[in-house]
Amino acid sequence: MGKTLVTGAGGLVGYAIKQLNPPDTIYLTRKEVDLTDFDKIDATMAHIRPSRVIHLAATVGGIGGNMIHSGEYFRSNIMINTNVLESARRCGVKKLISFMSTCVFPNTCTYPLNEKDLHNGPPHPSNFGYAYAKRMLEVQSSAYRNEWNCDYIVAIPTNIYGPNDDWNLSDGHVIPSLIHRCFLSKKTNSDLVVWGSGKPLREFVFSDDIAKLASWALDNYSEDSPIIFSSGIEISIRDLVELVASKMKFDGKLIFDSTKPDGQYRKPSDTTKLRKYLPDFVFTPIEEGIEKSVDWFVTNYPNLRK
Ligand code: GFB
């Protein structure tokens, strides 16, 4: 079958893929190659000559990071994606999977979010730069399929979390930020400050599930249109915080900081396509996923990414 190259291997999903231990897999991290530099990734691709690529590398963050770094997230992701897909094409990669996120869908559209609605309106303003850059992954993959018959597919996961997350308090996603903040509140015996009203609803997916689904898609999915990876189960931020607090054994006060953004109220996703292919796939329940993430965080503190 040849080699599989994983870009962005130092991150959340890269870590989960390593745990699966797939054969003939080469892991590329940000430290090794700057993917915004075409010559570097092109030379690396030509040297490794993978037949398959799991393209995870991206400049990402939670709502805080997206609002502050809109320009940087746009620039960096456009460059990374353009370079990786083009160097893969040049060296004859047979199959490539890349990732968007349900936050790149239009802000105003009918629910649940369906793959076919991706370009039907502007994204939520809180992640304007990131969303437009990520949408171009679908455009580039489709254009390459049309002209060069490249079997490049795109997955759309919901908010991913798990071990080896980015635990940054200001730029990170809600679950790792809350686990980290709750840990500090416990340590200093202080209130746990939560951003926004706690009312927004989100769907979360554990990183191990994404690793399994990515590996399945490489072997079994070849549609031009993207595929949503989600359980379709929503949870409110308030219920999520209470779950994190209980797994961390935090019994202090919760403060909802209304000066911080709520973001989009909800973004429920349509799982029909995934279920057509994988009717029996079992997603990790959020209680179990949060427990594993908390355990990993506590064990690996203070050597983690934050
Ligand atoms: O993970 P998050 O930043 O991503 O979650 P989004 C934001 C939601 O969690 C908002 C609340 O409703 C926040 O008010 N929240 C509560 C917090 N406490 C915190 C906290 O400490 N940190 C953070 N970050 N949020 C992102 C997109 O949107 O979704 C990205 O901006 C990305 O582009 C990701 O694609 C999947 O779900 O709002």
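The legends below describe close-up views of a predicted model. Local features are reported only at pLDDT of at least 70 and side-chain atom pairs only at pLDDT 80 or more, while totals for chains, interfaces and linings use all residues. Residues are numbered from 1 along each chain as its sequence is written, and side-chain values use heavy atoms, with hydrogens and water left out.

**View 1. The six-stranded open sheet.** The strand order is β2-β1-β3-β4-β5-β9, and the pairing is parallel. Strands, like helices, are DSSP runs numbered from the N terminus (E, at least two residues, for strands; H or I, at least four, for helices). Two strands count as paired if DSSP finds at least two bridges between them. At the edges are β2 (25-28) and β9 (227-229), each of which pairs on one side only. From one strand to the next, the twist averages 20°. Axes here are lines fitted to C-alpha atoms, for helices over the stretch in contact, and angles run from 0 to 180 degrees between N-to-C directions.

**View 2. Strands β1 and β2 with helix α2.** Four bridges join β1 (residues 4-7) to β2 in the parallel sense. T4 has T25 of β2 as its bridge partner. Helix α2 (residues 38-48) lies across β1, β2 and β3 (52-55), and runs at about 165° to β2.

View 3. Helix α5 (residues 128-148) lies across β3, β4 (95-99) and β5 (151-157). The angle between α5 and β5 is about 155°. In the loop between α5 and β5 is N149. Phi of N149 is positive, near 60°, in a residue other than glycine. Most residues other than glycine have a negative phi.

View 4. P112 is placed in the loop between β4 and α5. The peptide bond from Y111 to P112 is cis, and its omega is near -5°. Most peptide bonds are trans.

View 5. Around the ligand are 24 residues, of which I63, C103, R202, P261 and D262 come nearest. A residue is counted as near if one of its heavy atoms lies within 4 Å of the molecule. Polar contacts are pairs of N or O atoms within 3.5 Å; within protein, one must be able to donate a hydrogen and the other to accept it, and residues adjacent in sequence count only if both atoms are side-chain atoms. An oxygen atom of the ligand lies 2.6 Å from a backbone N or O atom of P261. A side-chain N or O atom of R202 is 2.8 Å from an oxygen atom of the ligand. For N66, a polar side-chain atom is 3.0 Å from a ligand oxygen atom. Of the 710 Å² of accessible area that the ligand has on its own, the protein covers 97% (Shrake-Rupley method, 1.4 Å probe).

**View 6. Elements of the ligand shell.** Two or more residues of the shell come from each of α3 (63-68), α6 (174-188) and β7 (192-195). Helix α6 gives the most, with four residues.

**View 7. The three-stranded open sheet.** The order is β6-β8-β10, with mixed pairing. Its edge strands, β6 (159-161) and β10 (234-236), each pair on one side only. Neighbouring strands are turned by 50° against each other on average, direction ignored. Strand β8 (residues 201-206) runs antiparallel to β10, and three bridges join them. R202 stands opposite I235 in β10, and R202 is also among the residues that come nearest to the ligand.

Notes
Contact means heavy atoms within 4.5 Å.
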